[in-house]
Amino acid sequence: MSIYTNTPGTQGILPDEYGALVEKPVKELSLAMKLGTVVNTASTTYRIPILAEDVTVGAVAEGAEITPSDAKFDEQKIRPAKFAGLTVISREMAEDSSPSAGEQVGRSIARQISNSVDNAFLSALTDPNPAGLGSLKGISKVNAPVVYANLDPFEEAISVSEAAGGNITAWIMTSSTALDIAKLKDQSNSNRSLLNTDMTMEGRRQILGRPVFVSPFVQPDTVYGVSRADLLTIVRTGTRLDVDKSVFFTSDRVAVKGTMRVAFGFPIEAAHVRIQNASE
């Protein structure tokens with residue numbers, strides 16, 4: 001039995017607003033969703049216009065003719081890939097009409113999907129996964145030391161992103177790298193950390209005013225600096241749930257599958273930065 005986001009009158013774990021049971025938790029859990037600009041599309045292919053050549057602008061004498069020029073555009077064609085999550089629940093839970101039952105099922109599937117999305121976002125995976133930061137040939141690169149002694153690589157990353165027209169809005173790294181950097185002090189024999197603390201969010205660390213996010217899908221000794229305006233997380237409409245009561249018939253359980261189509265667009269690849277040890 002297939003249930004779509006526009007199916008009215010559904011019951012049990014599938015209330016009228018059930019599409020949010022998958023999409024909302026994914027957007028809360030996935031770094032690709034939180035750190036990028038989310039774009040919803042109903043098309044199988046999303047086109048991103050790229051300005052290849054700007055119009056010619058210059059000083060013109062009063063009364064003189066203005067020479068016309070054309071802006072030249074290219075485009076990126078992005079096809080959202082299907083991500084799916086599957087969970088098996090008891091028939092009692094499937095028939096439970098309480099909101100909490102639906103939220104638990106939706107969040108279980110959302111965790112599976114968000115992990116797959118972030119793995120693709122931060123890695124260089126093969127088809128059918130969408131291209132992520134690890135696949136970008138035009139990404140800006142900054143060398144990092146084997147052991148961090150200061151925040152100079154991050155200062156350089158901000159600079160090279162700005163030179164490309166970007167603005168680093170977040171850092172993504174492994175938990176071990178985040179710990180190494182968190183241990184840096186402002187001077188010898190000091191207990192004051194080099195990192196800033198975001199007072200609006202308890203425990204949130206910042207490097208040069210940009211928040212730090214930790215993910216197990218980042219390669220060891222690698223840090224990504226991302227520019228939100230130059231990262232599009234494209235979500236195709238039509239998220240759905242499939243409920244099958246027959247596959248686990250003998251144990252009286254129900255299989256619930258969620259599918260969501262997502263891809264990433266990078267209008268200016270050099271606006272994002274990979275900080276990595278030169279030996280990696």
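Modeller: Fine. This is a predicted model. Take asparagine 277, which sits in strand β14, residues 273-277.

Biologist: Is asparagine 277 buried or exposed?

Modeller: Asparagine 277 counts as buried, because its relative accessibility is 9% and the cut-off for buried is under 20%.

Biologist: What does its side chain reach?

Modeller: The side chain of asparagine 277 reaches the backbone oxygen of alanine 144, at 3.5 Å. Leaving out residues up to four places away in sequence, asparagine 277 touches Ala144, Pro145, Val146 and Asp221.

Biologist: Asp221 is on that list. Where is aspartate 221 placed?

Modeller: Aspartate 221 is in the loop between β10 (210-214) and β11. With a relative accessible area of 41%, aspartate 221 is partly exposed. Its phi is near 60 degrees, a positive value in a residue other than glycine.

Biologist: What do most residues do for phi?

Modeller: Most residues other than glycine have a negative phi. Aspartate 252 also has a positive phi, about 60 degrees, and is not a glycine. Aspartate 252 lies in the loop between β12 and β13, and is partly exposed at 34% relative accessible area.

Biologist: Which peptide bond is cis?

Modeller: A cis peptide bond joins aspartate 127 and proline 128, with omega about 15 degrees. Proline 128 is in the loop between α4 and β6 (140-144).

Biologist: Which strands is β11 joined to?

Modeller: β7 and β14. Three bridges join β7 to β11, and the two run antiparallel. Isoleucine 172 stands opposite tyrosine 224 in β11. On the β14 side, four bridges join β11 to β14, again antiparallel. There, threonine 222 has glutamine 276 in β14 as its bridge partner.

Biologist: Now the core. How many residues are in the largest nonpolar core, and which have the most contacts inside it?

Modeller: The largest nonpolar core has 37 residues. Those with the most contacts inside it are Ile113, Phe121, Leu133, Ile172 and Phe264. The elements giving two or more residues to this core include α1 (19-29), α4 (99-122), β7 (170-173), β11 (222-226) and β13 (253-265). The largest share, eight residues, comes from α4.

Biologist: Why would such residues sit together?

Modeller: In soluble globular proteins, nonpolar side chains tend to be buried together.

Biologist: What does leucine 133 touch?

Modeller: Not counting residues up to four places away in sequence, leucine 133 touches Phe121, Leu122, Ser123, Ile139, Tyr224, Val226, Phe266, His272 and Arg274.

Biologist: What about the second core?

Modeller: The second core is separate and has 19 residues, including Val142, Ile207, Val212 and Val273.

Biologist: Change of topic: leucine 29. Where does it lie?

Modeller: Leucine 29 lies in helix α1. At 30% relative accessibility, leucine 29 counts as partly exposed. Beyond neighbours within four places in sequence, leucine 29 is in contact with Lys34, Arg107, Ala110, Arg111, Ser114 and Asp118. Leucine 29 and arginine 107 are 78 residues apart in sequence, and 9.4 Å apart C-alpha to C-alpha.

Biologist: And the protein as a whole, how many helices and strands?

Modeller: There are six helices and 14 strands. Buried residues make up 41% of the 280 residues. Among contacts with a separation of 6 or more, 75% are between residues 24 or more positions apart. The protein exposes about 15,200 Å², with carbon and sulfur atoms supplying 49% of it.

Biologist: What is the average pLDDT, and where is it below 50?

Modeller: The average pLDDT is 83, and 81% of the residues score at least 70. Over residues 1-17 the pLDDT is below 50, and this stretch has 37 contacts in the model beyond near neighbours in sequence.

Biologist: How should I read coordinates where pLDDT is low?

Modeller: Where pLDDT is low, the predicted coordinates should not be read in detail.

Note on methods. Residues are numbered from 1 along each chain as its sequence is written. This is a predicted model: local features need pLDDT of at least 70, side-chain atom pairs count only at pLDDT 80 or more; totals for chains, interfaces and linings use all residues. Side-chain values use heavy atoms; hydrogens and water are left out. Buried means under 20% relative accessible area, exposed over 50%, partly exposed in between (1.4 Å probe, protein chains only). Contact means heavy atoms within 4.5 Å. Accessible areas come from the Shrake-Rupley method with a 1.4 Å probe; for residues, only the protein chains shown count as cover. A nonpolar core is a set of buried Ala, Val, Leu, Ile, Met, Phe, Trp, Tyr and Cys residues joined through side-chain atoms within 4.5 Å. A polar contact is a pair of N or O atoms within 3.5 Å; within protein, one must be able to donate a hydrogen and the other to accept it, and residues adjacent in sequence count only if both atoms are side-chain atoms. pLDDT is the predictor's confidence in each residue, from 0 to 100. Two strands pair if DSSP finds at least two bridges between them.
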